[in-house]
Amino acid sequence: MTVNEQRATDPYPDLHVGHLEDAAVGVPAIVHAMVPALDDMGLGRTAKLSLTINQDGGFDCMSCAWADPPEHRHTLEFCENGMKAVTWEATPVTVPTSFWAEHSLTSLLDRSEYWLGQQGRLVEPVHKPAGSDHYEPISWEAAFALIGERLGALESPDRAAFYTSGRVSNEAAFLYQLFVRAYGTNNLPDCSNMCHESSGTALTESIGVGKATVVYDDFEQADLIIVMGQNPGTNHPRMLSALEDQKRRGGRIVAVNVLPEAGLMRYKNPQRPRGVIGRGTKLADQFIQIRSGGDMALLQAVSKRVLDAEDASPGTVLDHEFLAACTDGLADFRTHLAGLDEAEVLAATGISSAEIDELADAYLAADRVIVTWAMGLTQQKKSVDTIKEIVNLLLLRGNMGKPGAGAAPIRGHSNVQGDRTMGIWEQMPERFLAALEAEFGFPVPREHGRDAVKTVQGLRDGEIDVFVAMAGNFVAAISDTEVAEQAMRRAKLTVQVSTKLNRSHVVTGEEALILPVLGRTEVDLQGGVPQFVSVEDTVCSVHGSHGAIPPVAPGLLSEVAVVCRMAQATLGGTGASAGAERLEAPDIPWSEFERDYDLIRDRISRVVPGFERYNDDVRRKNGFELPISPRVRRFDTPTGRAQITVNELEHLERPAGRLILQTLRSHDQFNTTIYSLNDRYRGIRKGRDVVFVHPDDLAELGLADGQRVDVVSEWPGQADRVLPAQRLVAYPTARGCAAAYYPEANVLVPLESAADGSNTPVSKAVIVRLEPVAG
């Protein structure tokens, strides 16, 4: 059964479409967070975890990467979706051994992500032999031996790929990339390739580092925060508290988005009386409802207005001292924007000149400005250039390297940024590779490896035989679902290191393994001694994470232990296979690393800049902040100066009778994990097979609210891709634009449709037509 056929059999007969919410959080958020937690985990377990999550000495939420307040944390420092993530992981429900005999892989293909996740925690390693349609239990020793034999038998290490999700800790990520590079390849695709790769690419080229240039307290100190392509009310709700603090201090917020998002309209903070019995806090002073793909045009238009204001009053608008001392490229930028066509800007953005004037006036009136963004920007065709335009705008008035100002990409997964810092990247810079080589004494490969899109292409083309995933749900998360699933089935062996079932466990290679691991919430004992791990949040603060409850079942291994034992079985040492012996692996103390995580951090301290006193600093209250050079107006670019760049504007054309579709998450969802079938703020209940379209577009296309349509994406020279039988929902999205849920709508995104410069799937600019379903 194809992905489309499978989805067509799951019509959500109880789907209900209600009204849109105009405020986020409040008392309903408490109810929706705590009732499922109490039902699933009971009072004692819920109380223990809710009082420990995101606390100093507690465990870090496995959901988003939003920063913890450095001071004055609440007793309950979590959001609705954070508690849902905890409940999802810490459930006492486990998958019984009988499950594997009762359910064939063929039958599981018919099950939704929601159903798979509801089966409970994985507690035993299982193996699908070649030719079998069932997993069956396997011992840990046999599982690792099989991995070592299969990897050792490959004709080249580059015929294997090693994926990482942002859930993985710093310690496990560092060991994982060490194992992969000792094995001999840089094939290290990760979830960043699919989300914020564009941010890292653009920021590194412009200011020398691909991370946020702000700290937590900067949000409160900003005079103006511009929030672009981002839905904090669902994807990182604790950010709303920081935005509320900024508003209460007198700051302004501008929201730029294709859809109105409740969290940016009004915030009802459940920890303040105003949020419980009052109307809450209005956040956005201006909402710019931009057309998909129009952000670059908007940013250029605002920058041109800033330059025009300088020309009208020379020496009073731009930060000339900063520009002269710290930047290159202003003259070329001025010349380029002098020719900007206002008519093209208005066509690209779908907004009025007056709206652009209002934003420019707000920017000019502010001394301290933060621009923050997420995947609404990073998954566009011109996403890298768009983010460079954010940097351009900030640099013009010196909004970098001073309190309350800077660039703030908001990461979606809890340690996706830390994993990159630890070396999870297919093209790590030479300084990291050289330090790794010096520390461990083996020749580290230099040739760039495969990213996520190139990994699917390698599987499809028979160039990759083994696929190993540390957490995540790769086949559901990547674009072009049917192509990705067909490609994965061509692998000889797939290995999933996981806590719960997902689609990637049922779409396998000829052989498959599932290796269950401890969750972030659980105590990790090694030799009877509790261990802890660490993570890096979205503003580059590193802190420890300590499990709070006993493991859900005996025999589970930690992620660190799984990596160490895979490495031993593959590269040599205890449990090594015959194939591993020929690899002449370096002398790396894997068993010692497994027993004592401080030894891992000691080695990290000699490889990764900023971690020189890792074991001491991570034990400090609230951890430590990494040194980010733009914060002190130092720019590690080839010239040592920030780059103001010239970027050619490309207007995304919408063919007649077509719409520009973006994928998005529902409220009860984290990445590909579905917590329920509801999307409360958008008025959707008990279903996910919907496509949001403006009422005027429906009328223009001769369609009606509630009608069923096939959503068909078009890509030159290829067959159409179809998301079948979606219910039309009349919704106040931007004209000419539509939206459907991720990951279901990934089937519409061609693998070849990737962002210039970052190769990130273009999930925010899919040209589609809507075809009525007969009957």
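A search of the whole structure finds 19 aromatic pairs. The model is predicted: local features need pLDDT of at least 70, side-chain atom pairs count only at pLDDT 80 or more, and totals for chains, interfaces and linings use all residues. Residues are numbered from 1 along each chain as its sequence is written, and side-chain values use heavy atoms, with hydrogens and water left out.

**Exercise 1.** Classify the ring pair of Phe-99 and Trp-100.

*Solution.* Start with the rule. Rings of Phe, Tyr and Trp (its six-membered ring) pair if their centres lie within 6.5 Å; planes under 30 degrees apart are stacked, over 60 edge-to-face, and the rest tilted. Now apply it. The centres of Phe-99 and Trp-100 are 5.1 Å apart and the planes stand at 85°, so this pair is edge-to-face. Next, check the surroundings. Phe-99 and Trp-100 are both buried (under 20% relative accessible area, with a 1.4 Å probe and protein chains only). Together with Trp-115 and Tyr-135, they form one aromatic cluster.

**Exercise 2.** Which ring lies under the charged end of Arg-111?

*Solution.* The test asks for NZ of Lys or CZ of Arg within 6 Å of the ring centre and within 35 degrees of the ring normal. The charged end of Arg-111 sits over Trp-115, 4.2 Å from the ring centre. Trp-115 is also a member of the aromatic cluster.

**Exercise 3.** Describe the largest pocket by volume and lining.

*Solution.* On a 1 Å grid over the protein atoms alone, a pocket is an open set of points where a 1.4 Å probe fits, with protein on both sides within 12 Å along at least five of seven lines; lining residues have an atom within 4 Å of a point. The volume is about 1200 Å³, taken as the space filled by probe spheres set on the points. The lining has 42 residues, with Thr-204, Gly-210, Trp-425, Pro-429 and Arg-431 nearest the centre. α9 gives the largest share, five residues; helices here are DSSP runs (H or I, at least four residues).

Key:
Buried < 20%, exposed > 50% of the residue type's maximum accessible area, 1.4 Å probe, protein only. Helix = DSSP H or I, 4+ residues; strand = E, 2+ residues; numbered from the N terminus.
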